[in-house]
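Reader: Could you walk me through a few features of this model, with the general idea before each case?
Author: Gladly; let us look at it together.

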Amino acid sequence: MSLLQVRKLTKFYAAGTSGLVVKALDRLDLDVPQGEFVCIMGPSGSGKSTLLNIVAGLERPTSGQVVWDGRDVTRLSAKEWAALRRRDLGFVFQTFNLLDALTVEENVALPLMLNRVDVASAAERVRVFLSELNLLEIADRYPHELSGGQQQRVAVARAMVHRPKLVLADEPTGSLDSASSQSVLELFMELNAVQTTTILMATHDPFAASYAHRVVFMKDGKVYNQLDRAGSRRSFFHEILHALSVLEEAVL
Ligand SMILES: Nc1ncnc2c1ncn2[C@@H]1O[C@H](COP(=O)(O)OP(=O)(O)OP(=O)(O)O)[C@@H](O)[C@H]1O
């Protein structure tokens with residue numbers, strides 16, 4: 001069974017004071033099996049962030065359904081959503097969103113603290129996790145003492161330390177140079193394989209998308225096309241570039 005089922009998801013926004021309505025999502029269907037690494041691509045304004053925000057319960061759909069692990073979560077209360085997010089979700093954003101006043105170790109421990117893991121067990125888990133991810137040597141540093149790539153690796157560690165069912169990543173490599181992007185994507189790939197954490201990542205970057213198992217292309221709030229990775233990452237990268245050029249022609 002799919003970990004995530006999105007059914008006929010529609011979202012309208014009122015555009016300013018003009019009375020105009022923007023259709024950000026248009027009866028979108030999407031299934032994500034447990035353990036899959038899925039990437040969402042599409043032109044600016046195609047609805048990628050809106051989809052992620054609704055899946056995370058940060059916004060309410062106008063209509064349609066979001067089913068998590070067999071449970072319809074579309075109409076949960078804010079309190080129920082907060083509990084679900086704390087336990088089952090991890091987030092990675094373009095701007096790393098680490099807390100400046102906390103060290104790397106403390107930042108990564110946060111999800112465990114929020115889930116009321118006792119201090120000694122949390123400290124042990126964080127140390128082991130940071131060591132596995134080769135981040136132990138920066139454990140005592142503060143975010144401002146790290147490069148962008150290091151900060152994002154820490155943000156990925158924080159998103160995954162509590163073994164959430166799903167990690168949502170919105171443009172996670174958008175602020176990084178290519179070497180740092182690669183190390184962050186390799187970390188995603190490793191944790192997806194080792195922890196079998198399901199990942200849903202929105203990006204404009206075909207290189208980032210080539211790390212996924214599947215790329216879903218959106219246009220005008222709908223799924224326009226999909227590609228499954230069958231061969232090497234390099235050949236997948238070229239397939240993605242081709243699909244993007246077709247999508248661009250459809251947009252122009
Ligand atoms: N809070 C909002 N109020 C009004 N319109 C919004 C709001 N959020 C998004 N939209 C509109 O909904 C549409 C989809 O936006 P969304 O941010 O989901 O697209 P996106 O594919 O993530 O774009 P980008 O790649 O530029 O981040 C756009 O037309 C956007 O202007």
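Author: A word on the ground rules. This is a predicted model, in which local features need pLDDT of at least 70 and side-chain atom pairs count only at pLDDT 80 or more, while totals for chains, interfaces and linings use all residues. Residues are numbered from 1 along each chain as its sequence is written.

Reader: Which residues are around the ligand?
Author: A residue is near a molecule if its C-beta atom, placed from the backbone, lies within 6 Å of it. Here the shell consists of Tyr13, Ala15, Val22, Ala24, Gly42, Ser44, Gly45, Ser46, Gly47, Lys48, Ser49 and Thr50. Two or more residues each come from β1 (2-15), β2 (20-33) and α1 (48-55), with helices (H or I, at least four residues) and strands (E, at least two) being DSSP runs numbered from the N terminus. The largest share, 3 residues, belongs to α1.

Reader: Now helix α6: how should I read its length and its faces?
Author: As for faces, an α-helix has 3.6 residues a turn, so residues three or four places apart point the same way. A residue is buried if 20 or more other C-beta atoms lie within 10 Å of its own, exposed if 12 or fewer, and partly exposed in between. In α6, Ser181, Val184, Leu185, Leu187, Phe188, Leu191 and Asn192 are buried. Seen down the axis, these buried residues fall within an arc of 150 degrees (taken from the directions from the helix axis to the C-beta atoms), so they line one face of α6. On the other side, Ser178, Ala179, Glu186, Ala193 and Val194 are exposed.

Reader: What do the buried residues of α6 pack against?
Author: Contact requires C-beta atoms within 7 Å. The partners are β3 (37-41), α5, β8 (198-202) and α7 (206-209). After α6 comes threonine 196, with a positive phi near 45 degrees.

Reader: And which residues of α3 are buried?
Author: In α3 (residues 104-114), they are Val104, Asn107, Val108, Ala109, Pro111 and Leu112; their cover includes α4 (119-132) and α5 (148-160). Methionine 113 also sits in α3, but is partly exposed, with 13 other C-beta atoms within 10 Å. Just after α3, arginine 116 takes a positive phi of about 60 degrees.

Definitions and conventions:
Two residues are in contact if their C-beta atoms, placed from the backbone, lie within 7 Å.
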